[in-house]
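This report describes one protein model for a reader who meets it here for the first time. Please keep the sequence and the structure in view while reading.

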Amino acid sequence: MTDQPFGTIFEPFRIHSVEPLRLTTSAERTAALAAAGYNLFELRAEEVLIDLLTDSGTGAMSAEQWAGIQRGNEAYAGAPSFYRFREAVTGLFPFRHVLPTHQGRGAEKILFTVVGGPGRIVPNNTHFDTTRANVEFTGAQALDLPIPEGLQPGRRHPFKGNMDVAALEQLLEEQAAAVPLVMLTVTNNSGGGQPVSLANIRAVRQVCDRFGKPLFLDACRFAENAWFIKTREPGYADTPVAGIVREMAALADGMTMSAKKDPLANIGGWLALNDDSLAEQCRNLEILTEGFPTYGGLAGRDLEAIAQGLHECTDEGYLRYRVRSTAYLGEALESAGIPVVVPFGGHAVFIDARAMLGHLDPLQYPGQALACALFEEGGVRACEIGTVMFGLHPDGTETPAAMDLVRLAIPRRTYTQSHIDYVIEVLTRVAGRAADLPGMRIVSQPRHLRHFTARFAPLP
Ligand code: F0G
(Lines give C-alpha, C1' and ligand atoms only; values in the text may rest on other atoms or scores of the structure.)
Protein backbone atom coordinates (compact mmCIF):
# COMPACT_ATOMS: atom_id res chain seq x y z
CA MET A 1 0.00 0.00 0.00
CA THR A 2 0.97 3.64 -0.08
CA ASP A 3 2.81 5.45 2.71
CA GLN A 4 1.93 8.87 1.20
CA PRO A 5 -0.37 10.80 3.57
CA PHE A 6 -1.83 13.02 0.79
CA GLY A 7 -5.50 13.54 -0.07
CA THR A 8 -5.00 14.58 -3.71
CA ILE A 9 -5.85 11.91 -6.24
CA PHE A 10 -2.53 11.08 -7.83
CA GLU A 11 -2.80 10.31 -11.54
CA PRO A 12 -0.01 7.73 -11.90
CA PHE A 13 1.17 8.87 -15.35
CA ARG A 14 2.06 12.05 -17.15
CA ILE A 15 0.81 13.10 -20.57
CA HIS A 16 2.95 11.87 -23.43
CA SER A 17 0.93 12.90 -26.45
CA VAL A 18 -2.16 15.10 -26.61
CA GLU A 19 -5.32 15.33 -28.65
CA PRO A 20 -6.86 18.81 -28.89
CA LEU A 21 -10.43 19.47 -27.73
CA ARG A 22 -12.39 22.32 -29.30
CA LEU A 23 -15.01 24.13 -27.23
CA THR A 24 -18.41 24.26 -28.93
CA THR A 25 -21.24 26.77 -28.54
CA SER A 26 -24.63 25.92 -27.20
CA ALA A 27 -26.20 26.65 -30.62
CA GLU A 28 -23.77 24.22 -32.31
CA ARG A 29 -24.66 21.49 -29.82
CA THR A 30 -28.40 22.00 -30.21
CA ALA A 31 -28.08 21.71 -33.99
CA ALA A 32 -25.82 18.65 -33.77
CA LEU A 33 -28.24 16.90 -31.43
CA ALA A 34 -31.23 17.47 -33.72
CA ALA A 35 -29.23 16.31 -36.74
CA ALA A 36 -28.32 13.14 -34.82
CA GLY A 37 -32.00 12.35 -34.19
CA TYR A 38 -31.36 12.80 -30.45
CA ASN A 39 -29.27 9.65 -30.52
CA LEU A 40 -25.81 10.36 -29.08
CA PHE A 41 -24.30 7.42 -30.99
CA GLU A 42 -25.05 9.37 -34.18
CA LEU A 43 -22.92 12.39 -33.19
CA ARG A 44 -19.51 13.01 -34.69
CA ALA A 45 -16.90 12.70 -31.96
CA GLU A 46 -15.53 16.19 -32.76
CA GLU A 47 -18.89 17.58 -31.68
CA VAL A 48 -18.36 16.11 -28.20
CA LEU A 49 -16.32 17.89 -25.52
CA ILE A 50 -16.03 15.22 -22.84
CA ASP A 51 -16.86 11.79 -24.16
CA LEU A 52 -18.19 9.53 -21.43
CA LEU A 53 -20.22 7.38 -23.82
CA THR A 54 -18.11 4.36 -23.03
CA ASP A 55 -14.90 3.20 -21.41
CA SER A 56 -14.56 0.70 -24.25
CA GLY A 57 -11.48 1.12 -26.42
CA THR A 58 -11.32 4.80 -25.49
CA GLY A 59 -8.42 4.72 -23.02
CA ALA A 60 -4.92 6.08 -23.56
CA MET A 61 -2.23 3.49 -24.24
CA SER A 62 1.09 3.65 -22.44
CA ALA A 63 4.51 4.23 -24.00
CA GLU A 64 5.19 0.50 -23.49
CA GLN A 65 2.00 -0.42 -25.33
CA TRP A 66 3.02 1.79 -28.25
CA ALA A 67 6.41 0.09 -28.18
CA GLY A 68 4.54 -3.21 -28.42
CA ILE A 69 2.71 -1.89 -31.47
CA GLN A 70 6.13 -1.53 -33.16
CA ARG A 71 7.09 -5.05 -32.16
CA GLY A 72 3.89 -6.53 -33.61
CA ASN A 73 4.55 -9.48 -35.89
CA GLU A 74 2.01 -9.84 -38.65
CA ALA A 75 2.50 -13.48 -39.64
CA TYR A 76 -0.81 -15.05 -40.58
CA ALA A 77 -0.09 -18.13 -38.50
CA GLY A 78 2.02 -18.61 -35.38
CA ALA A 79 3.14 -15.00 -34.87
CA PRO A 80 5.27 -14.43 -31.75
CA SER A 81 2.81 -11.66 -30.88
CA PHE A 82 0.12 -14.34 -30.42
CA TYR A 83 2.28 -16.29 -28.02
CA ARG A 84 3.08 -13.17 -25.99
CA PHE A 85 -0.65 -12.41 -25.91
CA ARG A 86 -1.53 -15.94 -24.84
CA GLU A 87 1.09 -15.95 -22.13
CA ALA A 88 -0.25 -12.68 -20.69
CA VAL A 89 -3.82 -14.03 -20.77
CA THR A 90 -3.03 -17.39 -19.19
CA GLY A 91 -0.82 -15.72 -16.57
CA LEU A 92 -4.09 -14.38 -15.14
CA PHE A 93 -6.66 -16.78 -16.59
CA PRO A 94 -5.02 -20.19 -16.95
CA PHE A 95 -7.57 -21.73 -19.34
CA ARG A 96 -6.40 -24.43 -21.75
CA HIS A 97 -7.65 -22.77 -24.93
CA VAL A 98 -7.40 -19.06 -25.75
CA LEU A 99 -9.06 -17.84 -28.95
CA PRO A 100 -8.41 -14.19 -29.81
CA THR A 101 -11.36 -12.30 -31.30
CA HIS A 102 -11.80 -8.83 -32.78
CA GLN A 103 -13.65 -7.76 -29.62
CA GLY A 104 -15.86 -9.12 -26.86
CA ARG A 105 -18.97 -9.63 -28.96
CA GLY A 106 -16.96 -11.75 -31.40
CA ALA A 107 -16.30 -14.16 -28.54
CA GLU A 108 -19.97 -14.02 -27.48
CA LYS A 109 -21.16 -14.70 -31.00
CA ILE A 110 -18.98 -17.81 -31.28
CA LEU A 111 -19.84 -19.16 -27.83
CA PHE A 112 -23.60 -18.69 -28.11
CA THR A 113 -23.75 -19.98 -31.67
CA VAL A 114 -22.38 -23.22 -30.24
CA VAL A 115 -24.29 -23.43 -26.93
CA GLY A 116 -27.41 -21.32 -27.62
CA GLY A 117 -30.51 -22.04 -29.66
CA PRO A 118 -34.29 -22.10 -29.24
CA GLY A 119 -35.49 -23.38 -25.87
CA ARG A 120 -32.15 -22.68 -24.16
CA ILE A 121 -31.81 -20.34 -21.18
CA VAL A 122 -28.59 -18.51 -20.30
CA PRO A 123 -28.58 -17.07 -16.76
CA ASN A 124 -26.24 -14.21 -15.83
CA ASN A 125 -26.09 -11.72 -12.95
CA THR A 126 -26.96 -9.17 -15.65
CA HIS A 127 -26.30 -9.60 -19.35
CA PHE A 128 -24.69 -6.66 -21.09
CA ASP A 129 -26.53 -5.51 -24.23
CA THR A 130 -24.35 -7.36 -26.76
CA THR A 131 -24.34 -10.52 -24.62
CA ARG A 132 -28.12 -10.45 -24.33
CA ALA A 133 -28.48 -9.79 -28.08
CA ASN A 134 -26.08 -12.61 -28.98
CA VAL A 135 -28.00 -15.04 -26.75
CA GLU A 136 -31.37 -13.92 -28.09
CA PHE A 137 -30.21 -13.95 -31.71
CA THR A 138 -29.83 -17.74 -31.44
CA GLY A 139 -33.42 -18.03 -30.16
CA ALA A 140 -32.32 -18.64 -26.56
CA GLN A 141 -33.49 -16.68 -23.53
CA ALA A 142 -31.09 -14.36 -21.68
CA LEU A 143 -32.09 -14.37 -18.02
CA ASP A 144 -30.84 -11.82 -15.48
CA LEU A 145 -30.59 -13.02 -11.88
CA PRO A 146 -29.04 -10.14 -9.86
CA ILE A 147 -29.45 -10.00 -6.10
CA PRO A 148 -32.42 -7.75 -5.14
CA GLU A 149 -30.05 -5.03 -3.85
CA GLY A 150 -28.60 -4.80 -7.36
CA LEU A 151 -31.85 -3.31 -8.63
CA GLN A 152 -32.10 -0.60 -5.98
CA PRO A 153 -29.96 2.36 -7.07
CA GLY A 154 -29.83 4.02 -3.63
CA ARG A 155 -29.13 0.84 -1.65
CA ARG A 156 -25.55 0.32 -0.49
CA HIS A 157 -24.06 -3.17 -0.69
CA PRO A 158 -20.35 -3.94 -1.13
CA PHE A 159 -21.01 -6.52 -3.87
CA LYS A 160 -24.12 -5.31 -5.61
CA GLY A 161 -23.09 -7.21 -8.74
CA ASN A 162 -23.63 -10.58 -7.04
CA MET A 163 -25.89 -13.21 -8.56
CA ASP A 164 -28.99 -14.37 -6.70
CA VAL A 165 -27.78 -17.87 -5.92
CA ALA A 166 -31.18 -19.11 -4.68
CA ALA A 167 -32.81 -17.95 -7.93
CA LEU A 168 -30.13 -19.77 -9.93
CA GLU A 169 -30.70 -22.89 -7.88
CA GLN A 170 -34.44 -22.71 -8.48
CA LEU A 171 -33.94 -22.24 -12.22
CA LEU A 172 -31.67 -25.27 -12.39
CA GLU A 173 -34.00 -27.39 -10.26
CA GLU A 174 -36.84 -26.63 -12.64
CA GLN A 175 -35.14 -26.42 -16.03
CA ALA A 176 -31.58 -27.74 -15.81
CA ALA A 177 -31.73 -29.34 -19.24
CA ALA A 178 -32.38 -25.97 -20.90
CA VAL A 179 -29.31 -24.28 -19.38
CA PRO A 180 -26.09 -24.81 -21.35
CA LEU A 181 -23.93 -22.67 -19.05
CA VAL A 182 -24.07 -20.05 -16.33
CA MET A 183 -22.46 -16.65 -16.78
CA LEU A 184 -21.20 -14.03 -14.34
CA THR A 185 -20.39 -10.53 -15.56
CA VAL A 186 -17.53 -8.94 -13.57
CA THR A 187 -18.02 -6.16 -12.85
CA ASN A 188 -21.75 -6.07 -13.50
CA ASN A 189 -21.80 -3.28 -16.08
CA SER A 190 -25.54 -2.87 -16.71
CA GLY A 191 -26.21 -3.10 -12.98
CA GLY A 192 -24.02 -0.08 -12.23
CA GLY A 193 -20.46 -1.35 -12.67
CA GLN A 194 -20.87 -3.25 -9.41
CA PRO A 195 -18.46 -5.98 -8.31
CA VAL A 196 -19.10 -9.66 -7.65
CA SER A 197 -17.49 -11.13 -4.54
CA LEU A 198 -15.32 -14.24 -4.53
CA ALA A 199 -17.79 -15.73 -2.04
CA ASN A 200 -20.57 -15.28 -4.60
CA ILE A 201 -18.50 -16.74 -7.46
CA ARG A 202 -17.73 -19.69 -5.20
CA ALA A 203 -21.42 -20.16 -4.29
CA VAL A 204 -22.44 -20.01 -7.96
CA ARG A 205 -19.70 -22.52 -8.75
CA GLN A 206 -21.11 -24.92 -6.16
CA VAL A 207 -24.58 -24.73 -7.70
CA CYS A 208 -23.07 -25.25 -11.18
CA ASP A 209 -21.23 -28.32 -9.87
CA ARG A 210 -24.41 -29.76 -8.40
CA PHE A 211 -26.09 -29.59 -11.80
CA GLY A 212 -23.02 -30.29 -13.91
CA LYS A 213 -23.07 -26.87 -15.64
CA PRO A 214 -20.02 -24.92 -16.77
CA LEU A 215 -19.48 -21.42 -15.39
CA PHE A 216 -18.24 -18.68 -17.73
CA LEU A 217 -17.07 -15.20 -16.74
CA ASP A 218 -17.80 -12.16 -18.85
CA ALA A 219 -14.62 -10.70 -17.48
CA CYS A 220 -14.31 -7.29 -19.21
CA ARG A 221 -13.62 -5.43 -15.96
CA PHE A 222 -11.94 -8.20 -14.01
CA ALA A 223 -9.15 -6.00 -12.60
CA GLU A 224 -11.54 -3.43 -11.17
CA ASN A 225 -13.59 -6.33 -9.77
CA ALA A 226 -10.47 -7.79 -8.16
CA TRP A 227 -9.58 -4.40 -6.66
CA PHE A 228 -13.04 -4.22 -5.05
CA ILE A 229 -12.51 -7.73 -3.67
CA LYS A 230 -9.14 -6.69 -2.26
CA THR A 231 -10.54 -3.57 -0.63
CA ARG A 232 -13.97 -4.87 0.45
CA GLU A 233 -14.02 -8.63 0.91
CA PRO A 234 -12.70 -9.87 4.27
CA GLY A 235 -9.47 -11.82 3.96
CA TYR A 236 -8.13 -10.37 0.69
CA ALA A 237 -6.48 -7.11 1.76
CA ASP A 238 -3.01 -8.66 1.51
CA THR A 239 -3.56 -10.77 -1.63
CA PRO A 240 -2.04 -9.22 -4.77
CA VAL A 241 -4.65 -8.29 -7.38
CA ALA A 242 -3.22 -10.78 -9.87
CA GLY A 243 -3.67 -13.53 -7.27
CA ILE A 244 -7.30 -12.55 -6.76
CA VAL A 245 -7.84 -12.63 -10.53
CA ARG A 246 -6.35 -16.13 -10.69
CA GLU A 247 -8.66 -17.20 -7.87
CA MET A 248 -11.66 -15.86 -9.84
CA ALA A 249 -10.48 -17.69 -12.95
CA ALA A 250 -9.92 -20.94 -11.08
CA LEU A 251 -13.62 -21.02 -10.19
CA ALA A 252 -14.68 -20.78 -13.85
CA ASP A 253 -14.56 -23.06 -16.88
CA GLY A 254 -14.12 -20.28 -19.39
CA MET A 255 -14.54 -16.62 -20.19
CA THR A 256 -15.53 -14.13 -22.82
CA MET A 257 -13.52 -10.96 -22.84
CA SER A 258 -13.30 -7.52 -24.37
CA ALA A 259 -9.72 -6.23 -24.37
CA LYS A 260 -11.17 -2.75 -24.88
CA LYS A 261 -11.94 -2.46 -21.18
CA ASP A 262 -9.55 -3.36 -18.35
CA PRO A 263 -6.74 -4.62 -20.66
CA LEU A 264 -6.24 -1.01 -21.81
CA ALA A 265 -6.29 -1.75 -25.54
CA ASN A 266 -8.24 0.04 -28.24
CA ILE A 267 -9.49 -3.17 -29.83
CA GLY A 268 -9.55 -6.90 -29.22
CA GLY A 269 -11.02 -9.65 -27.13
CA TRP A 270 -10.91 -13.35 -26.55
CA LEU A 271 -12.77 -16.50 -25.72
CA ALA A 272 -10.98 -18.86 -23.33
CA LEU A 273 -12.13 -22.21 -22.02
CA ASN A 274 -11.02 -25.59 -20.73
CA ASP A 275 -13.35 -28.01 -22.50
CA ASP A 276 -11.52 -29.55 -25.49
CA SER A 277 -14.53 -30.48 -27.56
CA LEU A 278 -16.31 -27.14 -27.02
CA ALA A 279 -13.04 -25.39 -27.88
CA GLU A 280 -12.77 -27.36 -31.10
CA GLN A 281 -16.26 -26.30 -32.19
CA CYS A 282 -15.55 -22.69 -31.24
CA ARG A 283 -12.22 -22.70 -33.08
CA ASN A 284 -13.91 -23.88 -36.27
CA LEU A 285 -16.40 -21.03 -36.03
CA GLU A 286 -13.61 -18.61 -35.22
CA ILE A 287 -11.84 -19.46 -38.45
CA LEU A 288 -15.09 -18.87 -40.29
CA THR A 289 -15.95 -15.54 -38.71
CA GLU A 290 -12.88 -13.97 -37.05
CA GLY A 291 -9.73 -15.40 -38.57
CA PHE A 292 -7.04 -18.00 -38.01
CA PRO A 293 -6.81 -18.88 -34.29
CA THR A 294 -3.44 -17.19 -33.80
CA TYR A 295 -4.78 -13.77 -34.78
CA GLY A 296 -8.60 -13.97 -34.53
CA GLY A 297 -9.41 -10.78 -36.41
CA LEU A 298 -6.63 -8.74 -34.81
CA ALA A 299 -3.33 -7.45 -36.12
CA GLY A 300 -0.27 -8.85 -34.34
CA ARG A 301 0.38 -5.33 -33.06
CA ASP A 302 -3.01 -5.34 -31.29
CA LEU A 303 -2.11 -8.61 -29.57
CA GLU A 304 1.06 -6.91 -28.28
CA ALA A 305 -0.88 -3.92 -26.94
CA ILE A 306 -3.25 -6.27 -25.10
CA ALA A 307 -0.40 -8.33 -23.62
CA GLN A 308 1.27 -5.20 -22.23
CA GLY A 309 -2.09 -3.74 -21.10
CA LEU A 310 -2.78 -6.88 -19.09
CA HIS A 311 0.39 -6.28 -17.09
CA GLU A 312 -0.46 -2.63 -16.49
CA CYS A 313 -4.11 -3.02 -15.50
CA THR A 314 -3.39 -5.17 -12.47
CA ASP A 315 -0.96 -2.58 -11.10
CA GLU A 316 -2.34 -1.55 -7.74
CA GLY A 317 -1.29 2.11 -8.00
CA TYR A 318 -3.22 2.31 -11.26
CA LEU A 319 -6.29 0.56 -9.83
CA ARG A 320 -6.27 2.74 -6.70
CA TYR A 321 -6.28 5.84 -8.91
CA ARG A 322 -8.89 4.37 -11.24
CA VAL A 323 -11.46 3.53 -8.58
CA ARG A 324 -10.71 6.65 -6.52
CA SER A 325 -11.12 9.00 -9.48
CA THR A 326 -14.45 7.44 -10.45
CA ALA A 327 -15.66 7.82 -6.85
CA TYR A 328 -14.53 11.49 -6.91
CA LEU A 329 -17.10 12.16 -9.65
CA GLY A 330 -19.77 10.12 -7.89
CA GLU A 331 -19.24 11.84 -4.53
CA ALA A 332 -19.50 15.30 -6.10
CA LEU A 333 -22.78 14.40 -7.82
CA GLU A 334 -24.15 12.85 -4.66
CA SER A 335 -23.33 15.99 -2.64
CA ALA A 336 -25.07 18.06 -5.32
CA GLY A 337 -28.22 16.05 -4.58
CA ILE A 338 -28.18 14.11 -7.85
CA PRO A 339 -29.54 10.56 -7.44
CA VAL A 340 -26.68 8.18 -8.25
CA VAL A 341 -26.19 4.44 -7.99
CA VAL A 342 -24.22 3.74 -4.81
CA PRO A 343 -21.68 2.55 -4.08
CA PHE A 344 -19.85 3.86 -7.14
CA GLY A 345 -18.71 1.38 -9.75
CA GLY A 346 -15.20 1.03 -11.08
CA HIS A 347 -15.56 2.26 -14.64
CA ALA A 348 -18.49 4.62 -14.41
CA VAL A 349 -20.89 6.63 -12.32
CA PHE A 350 -24.53 5.82 -13.00
CA ILE A 351 -27.25 8.44 -12.52
CA ASP A 352 -30.75 7.29 -11.60
CA ALA A 353 -32.59 9.14 -14.38
CA ARG A 354 -35.95 7.66 -13.37
CA ALA A 355 -35.58 9.37 -9.97
CA MET A 356 -34.00 12.57 -11.28
CA LEU A 357 -36.67 13.04 -13.99
CA GLY A 358 -39.51 11.78 -11.78
CA HIS A 359 -42.09 13.63 -13.89
CA LEU A 360 -41.49 11.24 -16.81
CA ASP A 361 -42.90 7.77 -17.37
CA PRO A 362 -40.21 5.13 -18.15
CA LEU A 363 -41.69 4.82 -21.65
CA GLN A 364 -40.91 8.51 -22.13
CA TYR A 365 -37.27 7.47 -21.80
CA PRO A 366 -35.98 9.58 -18.89
CA GLY A 367 -32.43 8.28 -19.43
CA GLN A 368 -32.39 9.37 -23.05
CA ALA A 369 -33.88 12.75 -22.09
CA LEU A 370 -31.17 13.28 -19.46
CA ALA A 371 -28.34 12.17 -21.73
CA CYS A 372 -29.50 14.61 -24.43
CA ALA A 373 -29.71 17.43 -21.88
CA LEU A 374 -26.11 16.80 -20.73
CA PHE A 375 -24.89 17.05 -24.28
CA GLU A 376 -26.87 20.18 -25.00
CA GLU A 377 -25.77 21.85 -21.78
CA GLY A 378 -22.05 21.22 -22.00
CA GLY A 379 -21.11 18.77 -24.76
CA VAL A 380 -20.83 15.86 -22.31
CA ARG A 381 -21.75 12.58 -23.98
CA ALA A 382 -23.15 9.86 -21.71
CA CYS A 383 -25.02 6.65 -22.39
CA GLU A 384 -28.58 5.65 -21.56
CA ILE A 385 -28.70 2.25 -19.87
CA GLY A 386 -32.38 1.70 -19.37
CA THR A 387 -35.62 1.33 -21.28
CA VAL A 388 -34.15 2.40 -24.61
CA MET A 389 -31.39 -0.21 -24.29
CA PHE A 390 -33.41 -3.05 -22.72
CA GLY A 391 -37.12 -2.25 -23.13
CA LEU A 392 -37.79 -3.80 -26.55
CA HIS A 393 -38.20 -7.59 -26.55
CA PRO A 394 -37.62 -10.13 -29.31
CA ASP A 395 -41.40 -10.53 -29.76
CA GLY A 396 -41.75 -6.78 -30.45
CA THR A 397 -43.36 -5.85 -27.12
CA GLU A 398 -42.00 -3.05 -24.96
CA THR A 399 -41.83 -2.76 -21.17
CA PRO A 400 -39.85 -0.46 -18.86
CA ALA A 401 -36.38 -1.76 -18.01
CA ALA A 402 -35.60 -2.62 -14.38
CA MET A 403 -33.90 0.78 -13.99
CA ASP A 404 -33.44 3.89 -16.12
CA LEU A 405 -29.81 4.84 -15.68
CA VAL A 406 -27.48 7.23 -17.43
CA ARG A 407 -23.90 6.06 -17.38
CA LEU A 408 -20.94 8.40 -17.22
CA ALA A 409 -18.21 5.95 -18.26
CA ILE A 410 -14.67 7.09 -17.62
CA PRO A 411 -12.15 6.27 -20.34
CA ARG A 412 -8.96 4.93 -18.76
CA ARG A 413 -6.05 7.37 -18.22
CA THR A 414 -7.66 9.89 -20.56
CA TYR A 415 -9.28 12.80 -18.72
CA THR A 416 -7.83 14.92 -15.93
CA GLN A 417 -9.46 15.98 -12.71
CA SER A 418 -10.33 19.39 -14.20
CA HIS A 419 -12.19 17.70 -17.05
CA ILE A 420 -14.16 15.82 -14.42
CA ASP A 421 -14.78 19.08 -12.50
CA TYR A 422 -16.27 20.45 -15.71
CA VAL A 423 -18.57 17.41 -15.98
CA ILE A 424 -19.71 18.02 -12.40
CA GLU A 425 -20.51 21.65 -13.28
CA VAL A 426 -22.53 20.61 -16.34
CA LEU A 427 -24.48 18.02 -14.38
CA THR A 428 -25.23 20.41 -11.55
CA ARG A 429 -26.65 22.90 -14.03
CA VAL A 430 -28.83 20.27 -15.68
CA ALA A 431 -30.05 19.10 -12.27
CA GLY A 432 -31.31 22.64 -11.64
CA ARG A 433 -33.78 22.31 -14.50
CA ALA A 434 -34.42 18.54 -14.37
CA ALA A 435 -38.15 18.99 -13.68
CA ASP A 436 -38.54 20.88 -16.98
CA LEU A 437 -36.76 18.38 -19.24
CA PRO A 438 -39.08 16.95 -21.89
CA GLY A 439 -39.50 13.21 -22.40
CA MET A 440 -38.67 11.51 -25.69
CA ARG A 441 -40.52 9.45 -28.24
CA ILE A 442 -39.04 7.05 -30.76
CA VAL A 443 -39.38 8.07 -34.40
CA SER A 444 -37.76 4.96 -35.92
CA GLN A 445 -35.94 1.91 -34.56
CA PRO A 446 -34.45 -1.44 -35.61
CA ARG A 447 -35.49 -4.77 -34.05
CA HIS A 448 -32.22 -5.55 -32.24
CA LEU A 449 -29.91 -3.29 -30.22
CA ARG A 450 -32.11 -0.31 -30.96
CA HIS A 451 -30.17 2.12 -28.80
CA PHE A 452 -27.39 2.33 -31.37
CA THR A 453 -29.49 3.53 -34.30
CA ALA A 454 -33.01 4.56 -33.16
CA ARG A 455 -34.05 8.14 -33.87
CA PHE A 456 -35.91 10.18 -31.26
CA ALA A 457 -37.82 13.44 -30.92
CA PRO A 458 -38.50 15.44 -27.75
CA LEU A 459 -42.11 15.31 -26.57
CA PRO A 460 -43.92 18.65 -26.67
N1 F0G B 1 -19.60 -7.60 -21.86
C2 F0G B 1 -19.65 -6.46 -21.14
C3 F0G B 1 -19.89 -6.53 -19.66
C4 F0G B 1 -19.44 -5.23 -21.78
O5 F0G B 1 -19.47 -4.13 -21.06
C6 F0G B 1 -19.20 -5.21 -23.18
C7 F0G B 1 -19.04 -3.97 -23.88
C8 F0G B 1 -19.15 -6.41 -23.87
C9 F0G B 1 -19.35 -7.60 -23.17
C10 F0G B 1 -18.88 -6.50 -25.35
O11 F0G B 1 -17.56 -6.17 -25.64
O12 F0G B 1 -17.68 -4.07 -27.00
O13 F0G B 1 -15.68 -5.54 -27.09
O14 F0G B 1 -17.78 -6.26 -28.13
N15 F0G B 1 -19.33 -2.87 -23.35
C16 F0G B 1 -19.13 -1.56 -23.94
C17 F0G B 1 -19.73 -0.54 -23.02
C18 F0G B 1 -19.52 -1.40 -25.36
O19 F0G B 1 -19.86 0.62 -23.43
O20 F0G B 1 -20.01 -0.86 -21.87
P21 F0G B 1 -17.16 -5.47 -27.04
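Two strands pair if DSSP finds at least two bridges between them. Helices (H or I, at least four residues) and strands (E, at least two) are DSSP runs, numbered from the N terminus. The model is predicted: local features need pLDDT of at least 70, side-chain atom pairs count only at pLDDT 80 or more, and totals for chains, interfaces and linings use all residues. Residues are numbered from 1 along each chain as its sequence is written, and side-chain values use heavy atoms, with hydrogens and water left out.

Three strands in the order 9-12-11 make up an open sheet with antiparallel pairing. At its edges are strand 9 (348–352) and strand 11 (383–385), each of which pairs on one side only. From one strand to the next the twist averages 35°; for such angles, axes are lines fitted to C-alpha atoms, for helices over the stretch in contact, and angles run from 0 to 180 degrees between N-to-C directions. Strand 9 and strand 12 (residues 405–409) run antiparallel and are joined by five bridges. Phe-350 has Arg-407 in strand 12 as its bridge partner. Helix 14 (residues 366–378) packs on this sheet and touches strand 9, strand 11 and strand 12, where contact means heavy atoms within 4.5 Å. The direction of helix 14 makes about 40° with that of strand 12.

| Strand pair | Sense | Bridges | A facing pair |
|---|---|---|---|
| Strand 2 and strand 8 | antiparallel | five | His-97 and Leu-273 |
| Strand 7 (residues 254–258) and strand 8 | antiparallel | five | Met-255 and Ala-272 |
| Strand 5 and strand 6 (residues 215–218) | parallel | four | Val-182 and Leu-215 |

How many residues of strand 8 are buried? Five of its five residues are buried, where buried means under 20% relative accessible area, exposed over 50% and partly exposed in between (1.4 Å probe, protein chains only). In a regular strand the side chains alternate between the two faces of the sheet. Both faces of strand 8 are covered, with Gly-269, Leu-271 and Leu-273 on one side and Trp-270 and Ala-272 on the other.

**Aromatic residues**

Rings of Phe, Tyr and Trp (its six-membered ring) pair if their centres lie within 6.5 Å; planes under 30 degrees apart count as stacked, over 60 as edge-to-face and the rest as tilted. A search of the whole structure finds 11 aromatic pairs. One of them is edge-to-face: Phe-13 and Tyr-321, at 5.5 Å centre to centre with 80° between the planes. This pair links distant parts of the chain, 308 residues apart, with Phe-13 in the segment before helix 1 (26–35) and Tyr-321 in helix 12 (residues 316–335). Phe-13 counts as partly exposed because its relative accessibility is 31%, whereas Tyr-321, at 8%, counts as buried. The rings of Tyr-321 and Tyr-318 have their centres 6.4 Å apart and their planes at 55°, so this pair is tilted. Tyr-318 and Tyr-321 lie three residues apart in helix 12, about one turn of the helix. Elsewhere, one aromatic cluster is formed by Phe-82, Tyr-83, Phe-85, Phe-93, Phe-222 and Trp-270.

**The ligand and a buried arginine**

The ligand is surrounded by 17 residues, the closest being Thr-54, Arg-105, Ser-258, Lys-261 and Arg-407; a residue is near a molecule if one of its heavy atoms lies within 4 Å of it. A side-chain N or O atom of Arg-105 is 2.6 Å from an oxygen atom of the ligand.

Arg-381 is placed in strand 10 (residues 380–381). At 6% relative accessibility, Arg-381 counts as buried. Leaving aside residues up to four places away in sequence, Arg-381 touches several residues, among them Leu-40, Phe-41 and Asp-51.

Methods:
A polar contact is a pair of N or O atoms within 3.5 Å; within protein, one must be able to donate a hydrogen and the other to accept it, and residues adjacent in sequence count only if both atoms are side-chain atoms.
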